[in-house]
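Let's take a friendly walk through the aromatic rings of this protein and the surface around them. Have the model open as you read.

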Amino acid sequence: MLSCVNFSNYIKWDISGISFTIHDVAGFTNNVLGLYFRHNNFLSFIRSLNLYGFQKVINFSNNVKKK
């Protein structure tokens with residue numbers, strides 16, 4: 001989903017390529033999640049990311065991660 005240009009309004013890699021940003025949560029939830037998952041629940045998607053070790057970046061300029 002990150003490599004699909006059709007979804008770049010909703011989600012895309014940052015310049016460094018080590019993290020991604022969801023720009024439009026509502027659009028992402030309604031138009032993208034259902035194509036890749038059995039649900040359209042954004043919080044379930046976040047929990048799945050956390051399960052696989054993803055962390056929320058709270059300071060993009062320094063890549064400081066939330067603990």
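Helices here are DSSP runs of H or I with at least four residues, numbered from the N terminus. By that naming, L35 sits in helix α1. Please keep in mind that this is a predicted model.

**Aromatic pairs**

A pair of aromatic rings is described by the distance of the centres and the angle of the planes. In this model the count comes to seven aromatic pairs. Two of them are set out here:

| Pair | Centre distance | Plane angle | Geometry |
|---|---|---|---|
| F7 and Y36 | 6.2 Å | 80° | edge-to-face |
| W13 and F20 | 6.1 Å | 85° | edge-to-face |

Why are these pairs called edge-to-face? Planes over 60 degrees apart count as edge-to-face, so F7 and Y36, at 80°, get that label, and so do W13 and F20, at 85°.

F7 lies in the segment before β1 (11–13), while Y36 belongs to helix α1 (residues 25–36), so their pair ties together parts that are 29 residues apart in sequence. F7 counts as buried, at 10% relative accessibility, whereas Y36 is partly exposed at 43%. W13 is partly exposed too, with 42% relative accessibility.

Ring pairs also link F28, F37, F42 and F45 into a cluster.

**A nonpolar surface patch**

Which residues form a nonpolar patch on the surface? They are L35, Y36 and F37, which together have about 310 Å² of accessible area.

Notes:
Residues are numbered from 1 along each chain as its sequence is written. This is a predicted model: local features need pLDDT of at least 70, side-chain atom pairs count only at pLDDT 80 or more; totals for chains, interfaces and linings use all residues. Side-chain values use heavy atoms; hydrogens and water are left out. Rings of Phe, Tyr and Trp (its six-membered ring) pair if their centres lie within 6.5 Å; planes under 30 degrees apart count as stacked, over 60 as edge-to-face and the rest as tilted. Helices (H or I, at least four residues) and strands (E, at least two) are DSSP runs, numbered from the N terminus. Buried means under 20% relative accessible area, exposed over 50%, partly exposed in between (1.4 Å probe, protein chains only). Patches are made of residues with over 30% relative accessible area and no salt bridge: like charges are joined within 9 Å, nonpolar side chains (Val, Leu, Ile, Met, Phe, Trp, Tyr) within 5 Å. Accessible areas come from the Shrake-Rupley method with a 1.4 Å probe; for residues, only the protein chains shown count as cover. A salt bridge is a side-chain nitrogen of Lys or Arg within 4 Å of a carboxyl oxygen of Asp or Glu.
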